[in-house]
Amino acid sequence: MARARRNTSYKLTGPHDRRSRDLPFNAELAEIEIDNPLALDLDDRIAAMRSIRNDPLGRLHAHHQIDEAQYRSGRAYQNDWERAERGPQAMDPTREHVDGTRSREPITESQRQAVLRLNRVERELGTDGAALVHDVLVLGLTMDQIGQRRAVRTQRWNDYFARRFRECLDRLALVYGFATDASARRR
């Protein structure tokens, strides 16, 4: 009978993998590197999982179909849209009920700036480009769904919409300042 070794080291050779292994059956994930929030050095990065199931922009970035400037400009557009949109608001039961009408809340400066940027984006992209960007980034539609909405269902149209969307993202990167005109020409 062999004796158990007692002097073995239990030091871990690498970092501990903290990613979840139990995922839903319909999960679509992509691995990304982010800055480590607990790191002492500024250059430390960790791997994280990002859900791309309902995120067309994240899916394109995860599959390396768009670059970092296009991705950031798309996120900036989404952020401006969310800031500018007032949307339906719930009734506040803490306010005094007088005649059933609510006073309009004032527009904040950040909402005004977001609307001005969105107006500039629409002028830069044109009507069709702005509609395409809105369909993908705000409504979350795929190129196939955009083709169905416009009553064109061939693969050639899907390729056209995808190419046109990348051109619009290039223009967005210029508008939001994530790219220069020279870097957009190289692409």
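This is a predicted model: local features need pLDDT of at least 70, side-chain atom pairs count only at pLDDT 80 or more; totals for chains, interfaces and linings use all residues.

Colleague: Okay, and is Val136 buried or exposed?

Modeller: The cut-off for buried is under 20% relative accessible area. Val136 comes in at 2% relative accessibility, so it counts as buried.

Colleague: How far apart in space are Val136 and Gly74, C-alpha to C-alpha?

Modeller: In sequence, 62 residues separate Val136 and Gly74. In space, their C-alpha to C-alpha distance is 9.7 Å.

Colleague: Which residues touch the most other members of the largest nonpolar core?

Modeller: That core has 27 residues. The elements giving it two or more residues are helix 1 (56-62), helix 2 (68-84), helix 3 (109-137), helix 4 (143-149) and helix 5 (155-176). As a general point, nonpolar side chains tend to be buried together in soluble globular proteins. The members with the most contacts to other members are Tyr77, Val133, Leu137, Phe165 and Leu172.

Colleague: Take Leu172, then: what does it touch, leaving out residues up to four places away in sequence?

Modeller: Leu172 is one of the core residues that touch the most other members, and it also belongs to the contact that helix 5 makes with helix 2. With those sequence neighbours left out, Leu172 touches Ser73, Tyr77, Val121, Leu125, Val133 and Leu137.

Colleague: Is helix 2 roughly parallel or roughly perpendicular to helix 5?

Modeller: Their axes come within 8 Å and cross at roughly 75°. Angles of 65 to 115 degrees count as roughly perpendicular, so helix 2 relative to helix 5 is roughly perpendicular.

Colleague: And how many nonpolar, polar and charged residues make up that contact of helix 2 with helix 5?

Modeller: Helix 2 brings Ala69, Gln70, Ser73, Gly74, Ala76, Tyr77 and Asp80, while helix 5 brings Arg166, Leu169, Asp170, Leu172, Ala173 and Tyr176. Sorted by type, they come to 7 nonpolar, 3 polar and 3 charged.

Colleague: Zooming out, in what order do the elements run from the N terminus on?

Modeller: The chain has 6 helices and 2 strands. Read from the N terminus on, the order is β-β-α-α-α-α-α-α.

Colleague: Last one: what share of the chain's residues counts as buried?

Modeller: The chain exposes about 14500 Å², with carbon and sulfur atoms supplying 50% of that. Of its 187 residues, the share that counts as buried is 28%.

How values were computed
Residues are numbered from 1 along each chain as its sequence is written. Side-chain values use heavy atoms; hydrogens and water are left out. A nonpolar core is a set of buried Ala, Val, Leu, Ile, Met, Phe, Trp, Tyr and Cys residues joined through side-chain atoms within 4.5 Å. Buried means under 20% relative accessible area, exposed over 50%, partly exposed in between (1.4 Å probe, protein chains only). Helices (H or I, at least four residues) and strands (E, at least two) are DSSP runs, numbered from the N terminus. Contact means heavy atoms within 4.5 Å. Axes are lines fitted to C-alpha atoms, for helices over the stretch in contact, and angles run from 0 to 180 degrees between N-to-C directions. Angles under 35 degrees count as roughly parallel, over 145 as roughly antiparallel, 65 to 115 as roughly perpendicular and the rest as oblique. Ala, Val, Leu, Ile, Met, Phe, Trp, Tyr, Cys and Pro count as nonpolar, Asp, Glu, Lys and Arg as charged, and the others, Gly among them, as polar. Accessible areas come from the Shrake-Rupley method with a 1.4 Å probe; for residues, only the protein chains shown count as cover.
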